[in-house]
Amino acid sequence: MTERGSAPSTVTPLHARVREGAQQRVRRATTNPFESGSERVLLVHCGYHKAATVWFRAVLLEVIRHYGLRRQEVRSDPIRPDTDLAFYPNCGSFHRDQVESRQFRGSHLIRDPRDLVVSGYEYHLVTVEKWVHRPNPKYGGLSHQEHLRTLSEHDGLMSEIEWFARGTGAAMGAWVYHQPEFLELRYENAMADEASTFEKLFRWYGFNDHATTIGLDAVDRLSLRRGGAAPNHARSGRPGEWQTRLEPDHLERLRDLTDDLVVRLGYEDASG
């Protein structure tokens with residue numbers, strides 16, 4: 001209802017999107033997050049399921065929105081020519097031929113596979129993500145979540161190890177480490193010192209002081225100590241939780257299915 005004599009609002013959702021798009025183009029054309037003299041490059045971030053992807057996405061969005069940059073969440077689709085930040089929630093989707101024609105600077109974040117199993121198990125028991133609720137012939141028509149809920153915690157974690165090994169574990173094992181374009185990051189270091197980890201990331205991306213300050217303000221505001229970007233998404237997130245949850249037969253099965261990924265990633269030495 002409008003007041004007598006006042007004209008009804010003519011701003012529609014379409015008008016609002018058009019206006020926001022125009023403002024974004026102006027910001028992109030007139031502002032620059034990169035160091036003076038640096039060429040604008042494609043930014044790439046590669047993460048894994050339950051390895052702080054929601055947190056990293058939220059922080060990076062705070063920076064690129066300020067400068068009108070465009071983000072694309074990449075799964076199997078090609079990177080658009082106008083994309084400024086290609087965000088890969090699953091590193092298994094990244095292929096170098098997607099970015100060969102463009103200069104790029106990337107980051108890649110890993111987490112202890114043992115904690116990924118525990119975190120994934122707890123998350124899959126309660127999440128409303130659609131894929132977890134789809135019937136799966138592998139489980140006799142039950143969904144992944146329904147299947148986990150029929151099992152004891154011991155057997156549920158064993159089932160989660162199988163799921164992890166086929167997906168996230170395989171992708172982490174296949175990743176080519178020490179590529180010159182990529183900064184390698186660890187979830188555990190990010191948890192221990194959020195500001196230092198993100199400042200290293202921002203500088204690696206070539207952000208100037210202003211963009212780095214915006215990013216660090218976002219890190220402080222979205223700190224995992226305060227619940228992060230999605231307070232109901234993450235649990236404690238503390239490194240080493242696996243030590244009180246996984247039993248020797250869990251660890252043996254994880255070693256067998258992932259070709260001792262924990263050791264290969266440096267989370268444990270070969271004699272551990």
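What percentage of the 272 residues of the protein chain count as buried?

1. The model is predicted. Of the 272 residues in the protein chain, 45% count as buried.

2. Overall make-up. The protein chain contains 11 helices and five strands. It exposes about 14600 Å², and 51% of that area is supplied by carbon and sulfur atoms.

3. Contact range. Among contacts in the protein chain with a separation of 6 or more, 70% are accounted for by residues 24 or more positions apart.

4. P33. This residue is found in the loop between α1 (13-30) and β1 (42-46). P33 counts as buried because its relative accessibility is 1%, and the cut-off for buried is under 20%. Leaving aside residues up to four places away in sequence, P33 touches Y67, L69, G206, F207, N208 and A211. For one of these, A211, the separation from P33 is 178 residues in sequence, while the two C-alpha atoms are 5.2 Å apart in space.

5. H124. Helix α3 (residues 113-126) holds H124. With a relative accessible area of 0%, H124 is buried. Residues up to four places away in sequence not being counted, H124 touches H49, W131, V132, H144, Q145, L148, E160 and W163. Two histidines, H49 and H144, are included in that list, as are two tryptophans, W131 and W163.

6. Geometry of α2 and α8. The axes of helix α2 (residues 53-66) and helix α8 (residues 194-205) come within 13 Å and cross at roughly 55°. The two helices are therefore oblique to each other, since angles of 65 to 115 degrees would count as roughly perpendicular and those under 35 degrees as roughly parallel. The crossing of α2 past α8 is right-handed.

7. Contact of α2 with α8. On the α2 side, the contact is made by W55, F56, V59 and L60. On the α8 side, the residues are E194, F198, L201, F202 and Y205. By class, the residues of this contact divide into eight nonpolar, one charged and no polar.

Note on methods:
Residues numbered from 1 in each chain as written. Predicted model: local features only at pLDDT ≥ 70, side-chain atom pairs only at ≥ 80, totals over all residues. Heavy atoms only, no water. Helix = DSSP H or I, 4+ residues; strand = E, 2+ residues; numbered from the N terminus. Buried < 20%, exposed > 50% of the residue type's maximum accessible area, 1.4 Å probe, protein only. Contact = heavy atoms within 4.5 Å. Axes fitted to C-alpha atoms, helices over the stretch in contact; angles between N-to-C directions. Parallel < 35°, antiparallel > 145°, perpendicular 65-115°, else oblique. Left-handed = near helix turned anticlockwise from the far one by under 90°. Nonpolar A, V, L, I, M, F, W, Y, C, P; charged D, E, K, R; others polar. Areas by Shrake-Rupley, 256 points an atom, 1.4 Å probe, with all protein chains shown as cover.
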